[in-house]
Amino acid sequence: MQSKNPTRQYHADEFLICAGCILFRRTPVPKPPSIDGIPNGHTHTRLEVCLLRHTIRDEWLLPKGRKDRDESITATAIRETYEESGYPCILLPISLRTRAPASGAQTKDCVELVERSCEPFMMTMRQVADRNVKMIWWFVAVVEGEKVTGTQTLVESYESQFFDVQEAVEKATFQSDRDVIETAVGIVKDTFGDGTLI
């Protein structure tokens, strides 16, 4: 008997599992001048997104890469983001509408709003050829520490740079990356509002 849902299966040599992060940071913005001699006590920050410029192809991309054998998908996302950008990072717990059930849950498949989730917020499936697919799992991360040099592998050639959210969306070379950035920004703003990333 065939499944009632359209189904396509791939052997291990026909798919590649990848993961990456939308890497955020908040940058202090100079305070506006005092008003009528009263110092402005408000702290202003700007939300920024990290993009990578591929120095050979001159493309602006998101940090991502292949999952190593026996590596967890979350470890892949953090490792690849660090290697390609040079920035140490951690996954950022977000408010996420997800189908992933709680551990040990005995319920039917449904969408739930989960607080402080570090699950992937999006998945890109790229059809490279007829029997060759690439699945990219996307996470939200935040910078934790100063940039480190010499983190890229021998075959990588990237320059990392942070941009204001809107500029990052406009600068990203591919529409699929723009969609991922906009989705992540929406989730982060829904989770934290105008507060500082934690």
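1. At 58% relative accessibility, arginine 116 counts as exposed, where exposed means over 50% relative accessible area, buried under 20%, and partly exposed in between, with a 1.4 Å probe and protein chains only. Arginine 116 is found in strand β7, residues 112-117, and has a positive phi of about 55° although it is not a glycine. Aspartate 58, in the loop between β2 and β3 (59-61), is likewise a residue other than glycine with a positive phi, near 55°.

2. The model is predicted, so that local features need pLDDT of at least 70 and side-chain atom pairs count only at pLDDT 80 or more, while totals for chains, interfaces and linings use all residues. Residues are numbered from 1 along each chain as its sequence is written, and side-chain values use heavy atoms, with hydrogens and water left out.

3. The protein chain has three helices and ten strands, taken as DSSP runs numbered from the N terminus (H or I of at least four residues for helices, E of at least two for strands). Read along the sequence, these elements follow the pattern β-β-β-β-α-β-β-β-β-β-β-α-α. Of the 198 residues, 37% count as buried, and the accessible surface of about 12400 Å² belongs to carbon and sulfur atoms for 51%, areas being computed by the Shrake-Rupley method with a 1.4 Å probe and, for residues, with only the protein chains shown as cover. Among contacts (heavy atoms within 4.5 Å) with a separation of 6 or more, 66% join residues 24 or more positions apart.

4. Phenylalanine 121, leaving aside neighbours within four places in sequence, is in contact with Ile22, Ile94, Leu96, Trp138, Phe139, Val140, Val180, Thr183, Ala184 and Ile187.

5. Threonine 76 has its place in helix α1 and, at 0% relative accessibility, counts as buried. Not counting residues up to four places away in sequence, threonine 76 touches Ala19, Gly65, Arg66, Lys67, Asp68 and Glu71.

6. Glutamate 71 is placed in the loop between β4 and α1 and is buried, with a relative accessible area of 15%. Beyond its neighbours within four places in sequence, glutamate 71 is in contact with Arg66, Thr76 and Arg79.

7. About 650 Å³ of space lies in the largest pocket, a pocket being an open set of points on a 1 Å grid over the protein atoms alone, where a 1.4 Å probe fits, with protein on both sides within 12 Å along at least five of seven lines, and lining residues having an atom within 4 Å of a point. Grid points are joined across faces, edges and corners, and the volume is the space filled by probe spheres set on the points. Of the 25 lining residues, Lys64, Gly65, Arg66, Glu84 and Tyr158 are the closest to the pocket's centre. α1 gives the most to this lining, with four residues.
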